[in-house]
Amino acid sequence: MTDTLTPPSTTADLQSRLRAYVSWVQGNLSGDEKGEAQLYLERLFQAFGHEGVREAGATFEDRIKKERGGVVFADLMWKPVVLIEMKKRGSSLARHYRQIFDYWTRAVPSRPRYAVLCNFDEFWIYDFDHQVDAPMDRVKLEDLPHRWEALAFLLPDNPTPRFENDLVEVTRAAAAKVAKLFTSLKTRDVDTEEAQRFVLQCVMAMFSEDIGLLPRHFFSEALDDALAGASAYDLLGGLFREMNTPGSTGGGRFKGTPYFNGGLFATITPIELDEGEVELLRDAARENWSGVRPEIFGTLFEGSMDAGERHATGAHFTSPAEIAMVVTPVIVEPWQKRIDEANSIPELERVLSDLSQFQVLDPACGSGNFLYIAFRELRRLEHEVQERIRERRRSGNIAGQASFSVISLEQFHGLDTNGFAVEIAKVTLQLGKKLALDELGEHENVLPLDNLSSSIVRADALFDPWPAADAIIGNPPFIGRGKMRAELGDAYCDAIDRKYGTRGLADFVTYWIPLAHDHLPDGGRAGFVATKSIREVSGRRASLDYVVDHGGVIFDAHPSVPWTGDAVVEVAIVCWQKGGEQPAQKKLWAVAGAAPLVVDTITSALSTDIDLRAAKIIRANKGSVFQGVTAGNMAAFRLTPSQAAQFISQAPGAAEILHPFLGGEKFLKQSATDSWTIDLATDDASEAWRKFPSVMEHLQATSLPAAQAKADEELRKKGKPAERTKYLQTWWLTWRRRPHMIRSLTGLPRFIALTRVAADGRIPVYTFVDGGTLVDDSTVAFPFADDYSFGILQSRLHELWFRARCSSMRVDPRYTSTTVADCFPWPQTPDPAKAQQVADFAAELVELRAAALADGVTLAKQYDVLRHPGRSSLRTIHDKLEASVRDLYGFADDVDDLAQLLALNISVSDAEAAGDRVTAPGPVPGVSSTSTWAFPTRPLPVEGS
């Protein structure tokens with residue numbers, strides 16, 4: 001395929017490799033998913049400049065946990081870059097959208113940015129964080145040499161890809177251009193309602209000619225003629241009237257125009273456009289409206305009505321991926337469970353029948369985004385049921401009749417006080433029906449459009465009746481209690497108080513939750529995006545407390561989510577069920593980007609009683625901490641500085657076996673090390689006597705008698721030799737020498753030490769110790785010399801884990817590898833800039849403490865200051881360090897820290913179990929250390945001084 005596996009040096013080099021790859025695939029592979037997928041991907045990675053898949057850091061057959069237990073296997077996982085799922089040649093990739101989306105959703109932590117479906121002949125490339133329903137690009141295998149930029153992230157340096165199907169940007173551009181026209185009409189004092197209706201009719205016409213609902217580009221052609229001098233008033237008005245005329249237009253300019261319906265086009269009010277407005281509209285019509293996403297167009301357009309084009313291009317919207325945080329648990333998962341449990345054609349047909357009766361309500365529907373996503377998801381589920389029925393009929397040689405959709409738009413209900421938003425919502429759903437048919441490869445006439453006037457209505461959810469619904473979803477309005485009167489007026493707020501009672505400081509959004517709960521049938525589900533006030537005292541009492549006190553169970557919750565609807569707002573997402581058969585386990589998404597905590601109960605505060613016994617061992621953490629040396633007979637091995645100096649003077653080689661010796665209380669309460677210890681490091685007595693006779697004579701007089709006495713006592717008590725008798729074979733060594741610790745610390749210029757038992761009323765104090773020092777068993781040693789590792793260990797998050805794990809494990813608060821370090825989740829794939837900030841603040845803390853220590857102020861005295869309130873430089877730098885560590889982890893400030901740490905622990909350990917690489921404790925490549933200080937050792941006295 002290629003003579004070299006070095007990264008391509010030029011575009012021409014890469015294209016040559018890819019041409020060779022394409023030729024090889026076409027000449028050697030039949031497209032068998034099971035037998036050839038790994039070979040196909042291995043050669044693909046080599047063509048992009050890697051030694052191979054595994055050498056790049058990717059894995060084949062990556063294990064992913066299923067929703068209801070068990071595992072599935074993704075064909076290739078390369079975190080955090082890409083997930084690739086292969087299908088056999090000729091497969092319709094559209095059928096596998098749900099699979100790739102589910103795999104991507106569960107691929108945490110370090111979820112890949114991109115996901116790819118491939119059937120050997122075509123690549124469908126997704127970026128679900130940006131665009132959910134459609135691939136960002138589709139690249140045919142034979143086009144890969146010149147379309148390689150769509151898969152540029154496969155190159156070793158992961159450059160940003162270039163896509164040709166970024167429909168979010170297409171939608172922004174379209175919304176901006178239409179908004180510009182509306183602004184122009186408003187400037188000319190055209191009636192607002194007439195302008196809104198006219199522009200929306202234009203939008204429907206532009207969609208229709210690009211998605212095939214109009215026989216020709218009648219709308220664009222009319223605009224071309226208007227620019228040539230014809231009347232836009234007559235031409236567009238005429239087209240809209242034909243779109244509202246039953247039957248098919250029999251003749252004339254718009255011959256063949258089908259009947260759309262009497263909803264959007266029921267009222268035709270042509271508007272005379274000036275030349276500039278015709279040009280604006282013609283420019284808008286040049287957009288590819290078949291690529292415009294209805295689920296976000298309405299929000300962008302509606303929000304730009306007064307602000308114009310600039311707002312549309314920069315406006316935020318609730319992304320489909322975020323809406324899925326509600327729609328998936330409330331609607332998709334229970335139906336998917338039913339589908340998976342249906343084992344026969346009659347059972348599957350019952351599922352279809354029940355789907356046809358399922359009613360969905362958004363009582364604050366806005367432009368209809370939640371309803372649109374719910375409709376598309378239910379249509380996908382329906383299609384899956386139909387496919388399973390067809391497959392069973394084929395396997396049983398049963399001829400099957402053609403299927404048709406049983407789900408109608410009339411099953412989706414919306415309320416909103418904004419009349420124009422209601423009209424946009426109707427259009428959004430109507431277009432969704434056509435786009436769903438196209439996606440699923442179904443053929444059904446969508447004209448005339450469904451008249452949704454009775455299901456999507458202008459109404460006030462707080463005062464008007466709600467239609468019956470099995471599921472209630474949405475994003476009710478966010479208005480803080482303090483702003484309600486200013487924004488809604490005194491009269492309206494008084495009316496709310498009269499009907500619902502005064503709710504103190506509860507936000508406006510809290511009214512929707514008890515209303516939704518009361519409206520649900522037994523077993524019905526609801527899910528809302530809301531302000532975080534719903535889990536705080538006054539808001540919780542007015543909302544979620546009501547739910548759990550009236551038979552509701554919260555089964556899925558995100559306590560804190562940065563919401564794209566407003567760049568500076570964090571929201572809470574809550575999903576609950578009223579009565580019925582409850583989910584046995586609930587999911588609490590405590591950390592963004594990590595797997596959820598699976599718990600028995602989620603409280604109305606969107607938290608849980610954290611039981612850290614659920615934490616799992618992370619294998620990568622092994623060897624990140626060691627207990628210090630246990631001498632056994634301490635007096636025998638501990639030396640004064642004078643004794644150490646004397647041994648060295650007698651035998652200069654003794655310097656290699658004598659070490660400064662430090663205990664936890666010593667480094668807290670002294671300003672320098674003044675103890676030394678012996679570490680002979682050989683279990684051969686002959687070698688020890690030959691090299692260090694004076695030291696062995698000392699130990700023979702001090703260590704051996706005590707060791708012999710303990711062995712004799714052991715023999716008397718147990719009646720047979722045991723540990724103490726065995727120790728007599730190496731009596732010149734310490735009782736527990738900790739050779740693994742010594743090997744790990746050897747060669748380090750310094751390491752981190754901590755007193756093993758947590759101090760009462762004082763935060764754990766970590767310190768750097770010189771690399772030649774040994775620590776006793778009142779101390780634990782971390783084999784890290786860098787400022788970043790010091791910052792993580794000294795953080796409050798690590799302290800919380802230390803204290804809570806010891807408490808939950810029912811042992812004294814001792815820092816051990818088994819209860820604390822082996823389970824503590826270090827930041828995964830840490831951002832280098834943020835990690836550097838942690839290191840810089842840690843270095844500042846180290847140097848601040850070192851300066852005070854040099855002035856004779858011990859670490860214990862320095863930290864005694866923090867026992868009491870008051871400004872201090874030490875407290876200030878700890879606060880800075882804490883903020884930087886939290887920023888690195890990405891934890892929410894108002895979500896239980898232990899819940900977030902436990903969620904990360906489970907994600908990391910699960911990823912590790914699945915064979916994924918995880919970030920181990922220790923320094924981060926590229927992050928520098930600026931501090932060099934280590935706890936000082938007093939110099940040995942000079943002989944004769």
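This briefing describes selected local features of the structure shown above. The structure is a predicted model. A search of the whole structure finds 40 aromatic pairs. Helices α5 and α6 have axes that come within 10 Å of each other. The points below take up these features in turn, together with the surroundings of several individual residues.

**Aromatic pairs**

- Among the 40 aromatic pairs found in the whole structure is the one formed by tryptophan 289 and phenylalanine 297, which is edge-to-face. The distance for this pair is 5.6 Å from centre to centre, and the angle between the planes is 70 degrees.
- Tryptophan 289 and phenylalanine 297 are both buried.
- Tyrosine 766 and phenylalanine 782 form a tilted pair, because their ring planes stand at 50 degrees, with the ring centres 5.9 Å apart. An angle under 30 degrees would count as stacked and one over 60 as edge-to-face, so the value for this pair falls in the remaining class.
- The pair of tyrosine 766 and phenylalanine 782 links distant parts of the chain, as the two residues are 16 residues apart. Tyrosine 766 belongs to the loop between β20 (750-755) and β21 (767-770), while phenylalanine 782 belongs to strand β23 (residues 779-782).
- Both tyrosine 766 and phenylalanine 782 are buried.
- A cluster linked by ring pairs contains Tyr97, Phe101, Trp104, Tyr126 and Phe128.

**Arginines over aromatic rings**

- Arginine 724 lies over the face of tryptophan 735, and the distance to the ring centre is 3.9 Å.
- Arginine 750 lies over the face of phenylalanine 768, and here the distance to the ring centre is 3.5 Å.

**Backbone features**

- Proline 80 is placed in the loop between β2 (71-78) and β3 (82-86).
- Phenylalanine 120 is not a glycine, yet its phi is positive, at about 75 degrees. This residue, phenylalanine 120, is in the loop between β4 (114-118) and β5 (122-126). Phenylalanine 120 has a relative accessible area of 0%, so it is buried.
- Threonine 829, likewise a residue other than glycine, has a positive phi near 40 degrees. Its position is in the loop between α30 (817-821) and α31 (832-854). With a relative accessible area of 46%, threonine 829 is partly exposed, since that class lies between the limits of 20% and 50%.

**The packing of helices α5 and α6**

- The axes of helix α5 (residues 167-187) and helix α6 (residues 192-211) cross at roughly 155 degrees and come within 10 Å. Angles over 145 degrees count as roughly antiparallel, and therefore α5 is roughly antiparallel to α6.
- The crossing in which α5 passes α6 is right-handed.
- On the α5 side, the residues that meet α6 are Val178, Leu181, Phe182, Leu185 and Lys186. Their partners in α6 are Thr192, Ala195, Gln196, Phe198, Val199, Val203 and Met206.

- Aspartate 545 lies in helix α20 (residues 544-549). Its relative accessible area is 18%, so aspartate 545 is buried, given that the limit for this class is under 20%. When residues up to four places away in sequence are not counted, aspartate 545 touches Arg540 and Ser604.
- Serine 789 is part of helix α28 (residues 787-794). Its relative accessibility is 0%, and serine 789 therefore counts as buried. Apart from neighbours within four places in sequence, serine 789 is in contact with Ile752, Phe784, Trp826, Gly922 and Pro923.
- Arginine 738 lies in the loop between α26 (723-727) and α27 (739-745). It counts as partly exposed because its relative accessibility is 23%. Apart from neighbours within four places in sequence, arginine 738 is in contact with Gln627, Gly628, Val629, Thr630 and Asp777.
- Arginine 738 and serine 928 are separated by 190 residues in sequence and by 30 Å in space, taken from C-alpha to C-alpha.

How values were computed: Residues numbered from 1 in each chain as written. Predicted model: local features only at pLDDT ≥ 70, side-chain atom pairs only at ≥ 80, totals over all residues. Heavy atoms only, no water. Phe/Tyr/Trp six-rings, centres within 6.5 Å; stacked < 30°, edge-to-face > 60°. Buried < 20%, exposed > 50% of the residue type's maximum accessible area, 1.4 Å probe, protein only. Helix = DSSP H or I, 4+ residues; strand = E, 2+ residues; numbered from the N terminus. Lys NZ or Arg CZ within 6 Å of the ring centre and 35° of its normal. Axes fitted to C-alpha atoms, helices over the stretch in contact; angles between N-to-C directions. Parallel < 35°, antiparallel > 145°, perpendicular 65-115°, else oblique. Left-handed = near helix turned anticlockwise from the far one by under 90°. Contact = heavy atoms within 4.5 Å.
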